[in-house]
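Here is a brisk report on one structure. It covers a core contact set, then a strand and its partners.

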Amino acid sequence: MPDIGTEKPRLLLDIDGVLHVGEAPLPGAVDALVALRDLTAGIRLITNTTSKPRAAIVERLRRMGFRIAEDEVITPAATALALCSERGFERVLLLVPEGLREDLAGLLEPAPDRRPEAVILGDLGESFTASVLNEAFRALLEGAELVALQHNRYWRSGEGMVMDVGAYAAALEYAADVEAIVVGKPSPQLFEAALCRIPGTGRALMVGDDIEGDIGGALGAGLDAILVRTGKYRSEAVAASGIEPTATIDSIAALPQLLTQ
Ligand SMILES: [Mg+2]
């Protein structure tokens, strides 16, 4: 590992597949997070989860034993809100789970006489039906921008791998011949927004299980990136990506030791 210098590193952690899988914390993860608080200038958790509001993400982590403050968790919904206000999007078609709407309060649904200016796409899970996708498709044909809360291909649920928002966004991009604006990982803005909330100028480190969203995204934003062999990690996906993490460790439980080497 490169010299970490005298200043403590600033640490960004992915949540799903790094701290837990399903409702179970990964072995050693709760203790590792405690140790990492002493070893770093600060920690922010950046997730591409768009199936739940931030409050529910925090509550679930606390139930599993992680000590987390709500403002330590950064989600794509907050970044999407900022984007809509920057671009002046007032009427949007919200394709997000009911529970996520509280994080997007302030955006108006399309009126009968007014087309949406954007389609905001989150993780609808089982509700991703042909009729929902066609509603979005028609809005895009009429000129709405596609805003994807993230662009992951898949994730590992308690029941196995499932298609993620990126796969549905890609279907819409292909059908309507448009390119989505992605506000979650690997968008550099999300990494930068998270980092600027940690004091100091120490080395910036991202830890994740997704070779593209976490590792490729962080490297692209100028951070060091540590890949964990938990969650959705698959060695074939890493080899096929051509992306080289700064380091690879078995799990987050090994990170405190890596930082003190
Ligand atoms: Mg993950």
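Leaving aside neighbours within four places in sequence, V119 is in contact with V92, L93, L95, A136, A139, L140, A144, L146 and V147. Contact here means that the C-beta atoms, placed from the backbone, lie within 7 Å.

This is a predicted model: local features need pLDDT of at least 70, side-chain atom pairs count only at pLDDT 80 or more, and totals for chains, interfaces and linings use all residues. Residues are numbered from 1 along each chain as its sequence is written.

V119 is among the residues with the most contacts inside the largest nonpolar core, together with I120, L121 and V147. That core has 68 residues. Domain 1 (10-48 + 186-260) and domain 2 (76-182) both contribute residues, so the core lies between them. The domain bounds come from an automatic or database domain assignment. A nonpolar core is a set of buried Ala, Val, Leu, Ile, Met, Phe, Trp, Tyr and Cys residues joined through C-beta atoms within 7 Å. Buried means 20 or more other C-beta atoms within 10 Å of the residue's own, these atoms being placed from the backbone.

Now the strand. In β12 (residues 204-208), five of five residues are buried. A204, M206 and G208 cover one side, L205 and V207 the other. Strands are DSSP E runs of at least two residues; helices are H or I runs of at least four. Pairing requires at least two DSSP bridges.

| Pair | Sense | Bridges | Opposite residues |
|---|---|---|---|
| β1 (residues 10-13) and β12 | parallel | four | L12 and M206 |
| β12 and β13 (residues 224-228) | parallel | four | L205 and D224 |

Key:
Buried ≥ 20, exposed ≤ 12 C-beta atoms within 10 Å, placed from the backbone. Contact = placed C-beta atoms within 7 Å.
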